[in-house]
Protein chains: 2
Amino acid sequence: MKISTLSIGDEVIFGEIVDTNVAHISSRLYDAGFQLRRHLCVGDNEPDIMDAIELLASHNDFVIATGGLGPTIDDLTARAAARATGRRLVLNEDALTHLKERYRLMGREMLPSTEKQALLPTKISLVPNPIGTACGFIIPHKGCFLFFLPGVPMEMKRMLEETVIPFIQSRIKQKTTIETRVMRVLGLSETHIENRIKELARPREGLTIAYCVSFPEVEVKLRAEGENEAQLKDLLDTTAAKVREHLGEHVVAEGGETIDSVVAALFRKKGVTLSLAESCTGGLIAAKITDLAGSSAYFLEGAVTYSNESKIRRLQVPAELLEKEGAVSSATAMAMARGIRKASGSDIALAVTGIAGPEGGSEEKPVGTVYLALAGRSDCTAKRYQFSWDRERVRSMTTYTALDWLRRHLMALPDGETED
Amino acid sequence: MKISTLSIGDEVIFGEIVDTNVAHISSRLYDAGFQLRRHLCVGDNEPDIMDAIELLASHNDFVIATGGLGPTIDDLTARAAARATGRRLVLNEDALTHLKERYRLMGREMLPSTEKQALLPTKISLVPNPIGTACGFIIPHKGCFLFFLPGVPMEMKRMLEETVIPFIQSRIKQKTTIETRVMRVLGLSETHIENRIKELARPREGLTIAYCVSFPEVEVKLRAEGENEAQLKDLLDTTAAKVREHLGEHVVAEGGETIDSVVAALFRKKGVTLSLAESCTGGLIAAKITDLAGSSAYFLEGAVTYSNESKIRRLQVPAELLEKEGAVSSATAMAMARGIRKASGSDIALAVTGIAGPEGGSEEKPVGTVYLALAGRSDCTAKRYQFSWDRERVRSMTTYTALDWLRRHLMALPDGETED
């Protein structure tokens, strides 16, 4: 059973918009147990649209096309679809009635040129559009069903759910179900991860593992295909447990969770409060912590102390220390963490100082040198990291590494207690 | 001259990620005067990749393929490219040297299986990857040049700029030149912008205008096509001046500039220093300011004061004021701005407090209510805004609005002087 998609529109082919429709369609098909085979995209150009329709119709059972159904002169999909499948264009009375009704509902005058949206190929079934003017349509052609939907994401999504997916489901006998699980891994390369867990995959038994870099994390995707949903869930549970065994604490989040949401849940559960002092990340860690609503329950305060003066004044880092050890040093990181913890009264404090680049590196401390420090009520630890990318990725890697340290620290704490 | 793109990857075909690469490539090609013909996307499946390569090679002069060059077992592009073009896979010594050097720079151990990334087809030219492990490569095949690049957007972009576009430009005789100019507009909708400036377009004379929403900004793209480069530049200069006339201060940046870089340049030029106090944006404004290297020259300090306690302790916001006016009020925003300005000794200070949602709104102050305040040495102003989106967009809109206020404020100051 082969399904492919076709996006039609100059705005996509000229790079004016990112085509999110294909990701939505393929993701919904995948959830429904189908796999997209190919995606093709062409501009608002009649011969190109016709070529694409012919190519896809001859290799697929279903083709879902989006775009080019609007009222303006550059919307050519209906005409191209008619010509590619040997049909005529006629004024479709049902589509026209729908069009008039939509305009009435919007309280807008319908210009005569708008009738073009009801000029559709002969021998089709309409796909109702409950929230827009352009109806979609289905053309059966050479053993393939061609769906044509508007490109407006909101309208396309409704029509996909209400008509297209049920139509496909009703026409094929699905033998198997698909269950998936995503595990987010930090601090191991794609290759290292694969080497540790590839043996867990059992393609013949319907269990596959895919890897996807989402910097600085790697997503490990478990996918199980079979007949019995409960069995598949069991299989994923067992496999996920083995993945955790092999990758250990590098698995930072699972399912719909992210490292931020995991850290947030830990802060709540442990009843610990946090403050932050950031130099090279310039507020990124605080921004990530406050990304989630309700973070004020545990996040007391952040200080962005980019200059030496602000480190001295705001965090009471001794000027002599900065002079002797340098702003980028473990001693400074620890003094920053202690300073913000004391000032804010938080249970723990995390500080970061480093050289994000492109300037400021030295032989001893090249660009990408970062110190993190974590201070509790009575102890303080610093770690040195060496990251080797550009400014943007050094900052992003530092942010995730900081969140991960918080996660590991909180996981080792007994529930509901601070480290006092 | 026909150019098409090919995205390879299960993550794209399964809808796990939105493929932004094609939008970037087509947009950059468009800027360089070329138009993308077709875009095709297939999964990590060798026969499908081979089919796609054969199909595109036989209909195009250039094909830019992305994805599937990673080190893991599901990365099949190099093998499929070799088979589709009748080549063998061999260990490419140059690619291997590059790979070893990258691992050395990262300070990571290179596993033997990583060498797979240097297993490339015979008879190719390498495409250097200055920021990642996987080299790209170029295969000349049946009169078509096939480019293979990694799918990691940052790496792909560098390789596109540095190798692919210059390669294409060197191999075709362009009859006309194309000049483009991007103007970034804040605070006006796409429709409003179009209504104000659409008459400036002169398609018959080669001048077109395109609009692209890049939340919260709208990009206005001027494109001039003709034979004489100097004339085109003049035409763009004149048109850009008219656009500025019609859109006024809503044009926040032009050319390669962004609102951050414009604000950074103004701070340097005016010799003014800044401090920030952020509540609902939680560090996002500071992160944006420190995105650019060298920001320590004018950015003295940021305070992320999410809780009432931290506003009182850190910024000396009077507890009675918070009690009486509320944390989200113009009085609190002004007290925050004055507090951080005094503490940091900066020339100006910007503060933000608001309700990003989804909780915390009231009838009087619904979700999306945001107060910004700007304090100078002797004066302080607050403004209330009502944004109406989700948490993420309220925070993003607030960040841009804050940067825009700094921009407008600094533009009104005489050069090299603070407002004392």
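User: In which sense do strand 2 of chain A and strand 2 of chain B pair, and over how many bridges?
Analyst: In this model, which is a predicted one, strand 2 of chain A and strand 2 of chain B pair in the antiparallel sense, over five bridges. Within that pairing, C41(A) stands opposite H39(B).

User: And H39(A), is that buried or exposed?
Analyst: H39(A), which is found in strand 2 of chain A, counts as buried because it has 28 C-beta neighbours inside 10 Å, where 20 or more is the cut-off for a buried residue.

User: What is H39(A) in contact with, leaving aside its neighbours within four places in sequence?
Analyst: On that basis H39(A) is in contact with S4(A), T5(A) and V22(A), and also with I13(B) and C41(B). The C-alpha atoms of H39(A) and L6(A) are separated by 5.8 Å, although these two residues are 33 residues apart along the chain.

User: OK, what sheet do these strands form, and in what order?
Analyst: Twelve strands form an open sheet with mixed pairing, and the order is 6(A)-7(A)-8(A)-3(A)-1(A)-2(A)-2(B)-1(B)-3(B)-8(B)-7(B)-6(B). Strand 6 (125-127) of chain A and strand 6 (125-127) of chain B stand at the edges, each with a single partner strand, so one side of each is left without a neighbour in the sheet. From one strand to the next, the twist averages 20°.

User: Which sense does strand 1 of chain B take with strand 3 of chain B?
Analyst: Strand 1 (residues 3-8) and strand 3 (residues 62-66) of chain B pair in the parallel sense over five bridges, and I3(B) stands opposite F62(B) in strand 3 of chain B.

User: Switching to helices, what does helix 2 of chain A lie across?
Analyst: Helix 2 (residues 21-31) of chain A lies across strand 1 (3-8), strand 2 (36-42) and strand 3 (62-66) of chain A, and it runs at about 160° to strand 1 of chain A.

User: How many residues of helix 2 of chain B are buried, and what do they pack against?
Analyst: Eight of the eleven residues of helix 2 (residues 21-31) of chain B are buried, so this helix is largely enclosed by the rest of the structure. Among them are V22(B), A23(B), I25(B), L29(B) and Y30(B). The buried residues pack against helix 1 (10-13) of chain A, as well as strand 1, strand 2 (36-42), strand 3 and helix 6 (153-171) of chain B. Helix 2 of chain B is followed by G33(B), whose phi is positive, near 95°.

User: Back to the two chains, how many residues are in contact?
Analyst: 62 residues of chain A are in contact with 66 residues of chain B. Elements that give two or more residues to the side of chain A that touches chain B include helix 2, strand 2, strand 10 (207-214) and helix 11 (308-315) of chain A. By class, that side has 27 nonpolar, 23 polar and twelve charged residues.

User: Which residues touch the most other members in the largest nonpolar core?
Analyst: In that core, which has 146 residues, A337(A), A373(A), A337(B) and A373(B) touch the most other members. Apart from it lies another core, of 106 residues, among them I49(A), A23(B), A82(B) and L149(B).

User: Last one, how is chain A divided into domains?
Analyst: Chain A is divided into domain 1 (3-171), domain 2 (177-254) and domain 3 (268-412). Taken over C-alpha atoms, the centres of domain 1 and domain 3 of chain A are separated by 52 Å.

Conventions: Residues are numbered from 1 along each chain as its sequence is written. Chains are lettered from A and ligands numbered from 1 in the order in which they are written. This is a predicted model: local features need pLDDT of at least 70, side-chain atom pairs count only at pLDDT 80 or more; totals for chains, interfaces and linings use all residues. Two strands pair if DSSP finds at least two bridges between them. Helices (H or I, at least four residues) and strands (E, at least two) are DSSP runs, numbered from the N terminus. Axes are lines fitted to C-alpha atoms, for helices over the stretch in contact, and angles run from 0 to 180 degrees between N-to-C directions. Two residues are in contact if their C-beta atoms, placed from the backbone, lie within 7 Å. A residue is buried if 20 or more other C-beta atoms lie within 10 Å of its own, exposed if 12 or fewer, and partly exposed in between; C-beta atoms are placed from the backbone. A nonpolar core is a set of buried Ala, Val, Leu, Ile, Met, Phe, Trp, Tyr and Cys residues joined through C-beta atoms within 7 Å. Domain bounds come from an automatic or database domain assignment. Ala, Val, Leu, Ile, Met, Phe, Trp, Tyr, Cys and Pro count as nonpolar, Asp, Glu, Lys and Arg as charged, and the others, Gly among them, as polar.
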